[in-house]
Amino acid sequence: MPVVRKRQIENLEQLSGEELEAFVNSLPAGKENIEDLFDYLEIRLEKDPCNHSLRFAMQFMMENRLNFPKITSWLNDNGGYCDCKVLEQITPEWRKVFD
Ligand SMILES: [Zn+2]
């Protein structure tokens, strides 16, 4: 049976200012990079459907020379298994706290 682990992203709202700062420091890329990634995915997925991979996320990471193994595993850990899942699972939780 798989271990049901609560995704870090789901806990964001409960974090104190200090904990939120620690979260930001633990991110696999700059906070702005992650936000730009969300915006980029929104734009790309408007035109092209998700093919159930992280192809657009990957493109963004390559173009911006980001650490894609690290970011990909962070996205996966938080339920972002493909481009549309990133927008569905991660972006709304993120924006509740950071917008
Ligand atoms: Zn998808």
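Biologist: Which helix holds L37?

Modeller: L37 is found in helix α2. Keep in mind that this is a predicted model.

Biologist: Is L37 buried or exposed?

Modeller: Count the C-beta atoms around the residue. A residue with 20 or more others within 10 Å is called buried. L37 has 24 C-beta neighbours inside 10 Å, so it counts as buried.

Biologist: Which residues does L37 touch?

Modeller: Leave aside residues up to four places away in sequence; L37 then touches A57 and F60. L37 and Q59 are 22 residues apart along the chain, and their C-alpha atoms are separated by 9.9 Å.

Biologist: What is the largest nonpolar core made of?

Modeller: Start with the general idea. In soluble globular proteins, nonpolar side chains tend to be buried together. Here the largest nonpolar core has 14 residues. L37, L41, A57, F60, M61, L75 and V86 have the most contacts inside it.

Biologist: Which helices supply this core with at least two residues each?

Modeller: They are α2 (31-47), α3 (55-63), α4 (68-77) and α5 (83-98). Of these, α3 gives the most to the core, with four residues.

Biologist: Take M61 from that list. What does M61 touch?

Modeller: M61 touches L66, F68 and I71, again not counting residues up to four places away in sequence.

Biologist: Now the helix pairs. How do α2 and α3 pack?

Modeller: Two numbers do the work. Two packed helices are described by the angle between their axes and the distance between the axes. For α2 and α3, the angle is about 130 degrees and the axes are 10 Å apart. The two helices are therefore oblique to each other. As for handedness, α2 passes α3 in a right-handed crossing.

Biologist: Which residues meet where α2 packs on α3?

Modeller: From α2 come L37, Y40, L41, R44 and L45. From α3 come F56, A57 and F60. Sort this contact by class and you get seven nonpolar, no polar and one charged.

Biologist: At what angle do α2 and α5 cross?

Modeller: Roughly 130 degrees, and the axes come within 10 Å. So α2 and α5 are oblique to each other. The crossing of α2 past α5 is left-handed.

Biologist: Which residues of α2 and α5 meet?

Modeller: On the α2 side, look for F38, L41, E42 and L45. On the α5 side, find D83, C84, V86, L87 and T91. The contact of α2 with α5 has six nonpolar, one polar and two charged residues.

Biologist: Let us turn to the backbone. What is the phi of H52?

Modeller: First, the general rule. Most residues other than glycine have a negative phi. H52 is not a glycine, yet its phi is positive, about 60 degrees. H52 is found in the loop between α2 and α3. H52 has 11 other C-beta atoms within 10 Å, so this residue is exposed.

Biologist: What about the phi of R65?

Modeller: R65 has a positive phi too, near 50 degrees, and R65 is a residue other than glycine. R65 lies in the loop between α3 and α4. R65 has 7 other C-beta atoms within 10 Å, so R65 is exposed.

Biologist: Where is D77?

Modeller: D77 is in helix α4. Apply the neighbour count again. D77 has 13 C-beta neighbours inside 10 Å, so D77 counts as partly exposed. Beyond residues up to four places away in sequence, D77 touches R7 and Q8.

Methods: Residues are numbered from 1 along each chain as its sequence is written. This is a predicted model: local features need pLDDT of at least 70, side-chain atom pairs count only at pLDDT 80 or more; totals for chains, interfaces and linings use all residues. A nonpolar core is a set of buried Ala, Val, Leu, Ile, Met, Phe, Trp, Tyr and Cys residues joined through C-beta atoms within 7 Å. A residue is buried if 20 or more other C-beta atoms lie within 10 Å of its own, exposed if 12 or fewer, and partly exposed in between; C-beta atoms are placed from the backbone. Two residues are in contact if their C-beta atoms, placed from the backbone, lie within 7 Å. Axes are lines fitted to C-alpha atoms, for helices over the stretch in contact, and angles run from 0 to 180 degrees between N-to-C directions. Angles under 35 degrees count as roughly parallel, over 145 as roughly antiparallel, 65 to 115 as roughly perpendicular and the rest as oblique. A crossing is left-handed if the near helix is turned anticlockwise from the far one by less than a right angle, and right-handed if clockwise. Ala, Val, Leu, Ile, Met, Phe, Trp, Tyr, Cys and Pro count as nonpolar, Asp, Glu, Lys and Arg as charged, and the others, Gly among them, as polar.
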